[in-house]
Amino acid sequence: MGRTALIVVDVQRDFCPGGALPVPAGDEVVGPINELVQAAECGEQPVLYTRDWHPPDHCSFRSQGGQWPEHCVRETPGAQFHPDLLLSRNGTVISKAVDRDAEAYSGFQNTKLDELLRGRAVSRVIVAGLATDYCVKATALDALARGYELWVVREAVRGVDVHPGDSQRALDEIRGKGGRVVGLEEAKAALRQGAGMQ
Ligand code: VGL
Ligand code: ZN
């Protein structure tokens, strides 16, 4: 059994209430995620933070014919992590959807995430963050497709639900493909255990 990594998906100002593309109650993930980060530090497990990091003319924006209002434009306040999010000393930031012409919901798409995880002998990935029905879903399914054991933390995700039920369907699909939806305490325990207990 390899190590367990925590992947914190897109906990950015624009995805929280008051932001450009707010996920309802999106800021409620910050508390549980901070507990997960502390558990990972305790167990010396890797923490990776993905961020949506779009150019100002990204193809996903309505102004460019896409689906979304402008959000998470690189180097703007809306793209910053939520101010209360605990940034681990040993954390790694993964910027995604940086190319104008490509949408990228998954943290694995056109990034070094897979390489980083393999380099650190990670076999299990624990995913938390925003949004359940977009970037959390895509990142989780990609992790499964790449052969990782995959857990999503129930209390630490929130969805957009453009169509009612999207978030629930996303979790069902993750389960259907072999992932687990776990509670906060189980996830913290796995992160805290660290290398020594395996
Ligand atoms: C996301 C919509 C557009 C996400 C990113 O992080 O879930 N959703 N861009
Ligand atoms: Zn985006």
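Let's start with the metal. The zinc ion, ligand 2, is coordinated by D52 through OD, and by H54 and H71, each through NE2. Those distances run from 2.0 to 2.2 Å. Keep in mind that this is a predicted model.

How are the donor residues spaced in sequence? The pattern is D-x1-H-x16-H.

Now the geometry. The zinc ion has four donor atoms, and the angles among them span 86 to 171 degrees. That makes the site irregular. Why irregular? Four donors count as tetrahedral if all angles lie between 85 and 135 degrees, and 171 degrees is among the angles here.

On to ligand 1. Where does it sit? Ligand 1 is in the largest cavity. Around ligand 1 we find D10, F15, L21, D52, W68, H71, Y105, L130, A131, Y134 and C135. By class, that shell has eight nonpolar residues, one polar and two charged.

Two names come back here. D52 and H71 coordinate the zinc ion, and D52 and H71 are also in the shell of ligand 1.

An oxygen atom of ligand 1 lies 2.6 Å from a side-chain N or O atom of D10. A nitrogen atom of ligand 1 is 3.0 Å from a side-chain N or O atom of D52.

How much of ligand 1 does the protein bury? Taken alone, ligand 1 exposes 260 Å², and the protein buries 99% of that.

How values were computed: Residues are numbered from 1 along each chain as its sequence is written. Chains are lettered from A and ligands numbered from 1 in the order in which they are written. This is a predicted model: local features need pLDDT of at least 70, side-chain atom pairs count only at pLDDT 80 or more; totals for chains, interfaces and linings use all residues. Side-chain values use heavy atoms; hydrogens and water are left out. A residue is near a molecule or strand if one of its heavy atoms lies within 4 Å of it. A polar contact is a pair of N or O atoms within 3.5 Å; within protein, one must be able to donate a hydrogen and the other to accept it, and residues adjacent in sequence count only if both atoms are side-chain atoms. Accessible areas come from the Shrake-Rupley method with a 1.4 Å probe; for residues, only the protein chains shown count as cover. On a 1 Å grid over the protein atoms alone, a cavity is a set of points where a 1.4 Å probe fits but cannot get out, and a pocket is an open set with protein on both sides within 12 Å along at least five of seven lines; lining residues have an atom within 4 Å of a point. A molecule sits in a cavity or pocket if more than half of its atoms lie within 2 Å of its grid points. Ala, Val, Leu, Ile, Met, Phe, Trp, Tyr, Cys and Pro count as nonpolar, Asp, Glu, Lys and Arg as charged, and the others, Gly among them, as polar. Donors are N, O and S atoms within 2.8 Å of the metal (3.2 Å for Na, K and Ca); water is not among the atoms, so sites may look incomplete. Four donors count as tetrahedral if all angles lie between 85 and 135 degrees; four count as square planar and six as octahedral if opposite donors are over 155 degrees apart and all others between 65 and 115; anything else is irregular.
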